[in-house]
Amino acid sequence: MATGLQTDFVIYQDEFNTGMTEVMQQESNVFNSQSGGGITLTTKFHEGHYSSEAMFAAIASSALASRRVAGVGAVADTAMTQIENTQVKVDRKIGPIAQTLDSFRKINKDPRVMSYILGQQYGKAVLLEQLNTGIAAGAAAFGQDLAVGTGATGNTGVIGTVQVSTDTMSHTALTRGIGAFGDQSSRVKAFVMHSKVYFDLMRQAIADNVYQVAGATIYQGTIASLNRPVVVTDSASLISVGTGVGGIDEYQTLCLTPEAITIRESEEREIVSDIITGLDNLVLRYQGEYAYTVGLKGYTWDQSNGGINPTDAALKLATNWDKTATDDKSLGGSRILSA
């Protein structure tokens, strides 16, 4: 009588990985295109806890000046400078997840099929977690430098400690969001907003009773978004509970330029399955590890303040993201606050 070996179950790891990889590739390709490239989900492995790149800073305007044609006097040199943008790696785990082999037999299912399904579920969950993390970091950083509100003036107070009015999202507020980039507003390629904000904007479009706007809104079930795609996600990262005027919730909408938020899977995924004995029933257990790196255009991760493998709370702290762009128009995005 042949005795099965633990190695017979290695195929379950392959099935889990296959399902997870398939979903992540499909979902990331769709998301990258639908977000107008504002949030990019890619793969790029690197060593260590940080990924840094150096670039030349823009030449200061003082380097451009009138030239005297009468005289050959000495002038001071203007030095070229470099800036370094650092992205930070976050480490994550999967499971452990345990299930008795008997439970598979009772429903007449092959554990390999269940492994594939579980991999697909985790593939979606991993992408959603990465998206929420990137949005949280972007909202924190962009809000400290390019934040506008929905009030009459659009100026909601001191940047970084803004308080929104009781107004909901409007098309006027959207124009303020992209207007923060001035003559570079065409660089804004997509909006990221909560569904509550999206439907507030839809109701406002209908209330405007302008045929080209309200008619299209009613007929297509979409909103006029200044010819830019809208990524609608009920991410908790887009809600600040009780921080608005009178203790109301604030909602954050991001106006993103290309590659404003980059999320790169930066280490090989490890998924391990094991058969646990010594219990009343044989148990199949899964556990995995993965890591990805978060970067924001125009900002560098503050290694001294934020440190390695930051928590979700640390990623949401604006003080952990230092602006390196010399011009706000070169930043990755702006933030609109609404009620």
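User: What makes E289 count as exposed or buried?

Analyst: Before the answer, please note that this is a predicted model, in which local features need pLDDT of at least 70 and side-chain atom pairs count only at pLDDT 80 or more, while totals for chains, interfaces and linings use all residues. Residues are numbered from 1 along each chain as its sequence is written, and side-chain values use heavy atoms, with hydrogens and water left out. The rule is that a residue is buried under 20% relative accessible area, exposed over 50%, and partly exposed in between, using a 1.4 Å probe and protein chains only. E289 has a relative accessibility of 53%, so E289 counts as exposed.

User: Where is E289 found, and which residues does E289 touch?

Analyst: E289 is found in strand β11, residues 283–296; strands (E, at least two residues) and helices (H or I, at least four) are DSSP runs numbered from the N terminus. Leaving aside residues up to four places away in sequence, E289 touches R92, K93, E268, R269 and E270, where a contact means heavy atoms within 4.5 Å. The C-alpha atoms of E289 and I271 are separated by 6.7 Å, although these residues are 18 apart along the chain.

User: Why is R269 called buried?

Analyst: R269 has a relative accessible area of 13%, which is under the 20% limit, and therefore R269 is buried. R269 is found in the loop between β9 (261–265) and β10 (270–276).

User: What makes the approach of R269 to the side chain of E265 a polar contact?

Analyst: A polar contact is a pair of N or O atoms within 3.5 Å; within protein, one must be able to donate a hydrogen and the other to accept it, and residues adjacent in sequence count only if both atoms are side-chain atoms. The side chains of R269 and E265 make such a contact at 2.8 Å, a value within the 3.5 Å limit.

User: Why is the pair of Y198 and F199 called edge-to-face?

Analyst: By the ring rule, the count comes to four aromatic pairs. The ring centres of Y198 and F199 are 5.3 Å apart and their planes stand at 90°, so the pair is edge-to-face. The rule asks that rings of Phe, Tyr and Trp (its six-membered ring) have centres within 6.5 Å, and it calls planes under 30 degrees apart stacked, over 60 edge-to-face and the rest tilted. Y198, at 12% relative accessibility, counts as buried, whereas F199, at 40%, counts as partly exposed.

User: How do you know that W301 and W321 are edge-to-face?

Analyst: Their ring centres lie 4.9 Å apart and their planes are at 70°, which is over 60, so this pair is edge-to-face. The pair links distant parts of the chain, with W301 in strand β12 (residues 299–301) and W321 in strand β13 (residues 321–323), 20 residues apart. W301 is buried because its relative accessible area is 2%, and W321 is buried because its value is 1%.

User: Which residues touch the most other members of the largest nonpolar core?

Analyst: A nonpolar core is a set of buried Ala, Val, Leu, Ile, Met, Phe, Trp, Tyr and Cys residues joined through side-chain atoms within 4.5 Å. The largest one has 50 residues, and those touching the most other members are I39, F142, V192, L256, I261, L296 and W321. Helix α3 (residues 111–145) gives the most to this core, namely eight residues.

User: Which way do the residues of strand β5 point, and how do you know that β5 pairs with β8?

Analyst: From strand β5 (residues 190–193), A190 and V192 point one way and F191 and M193 the other way, and all are buried. Two strands pair if DSSP finds at least two bridges between them, and β5 and strand β8 (residues 250–256) have three bridges, in the antiparallel sense. F191 stands opposite C255 in β8. With β6 the pairing of β5 is parallel, again over three bridges, and there the bridge partner of F191 is V230.
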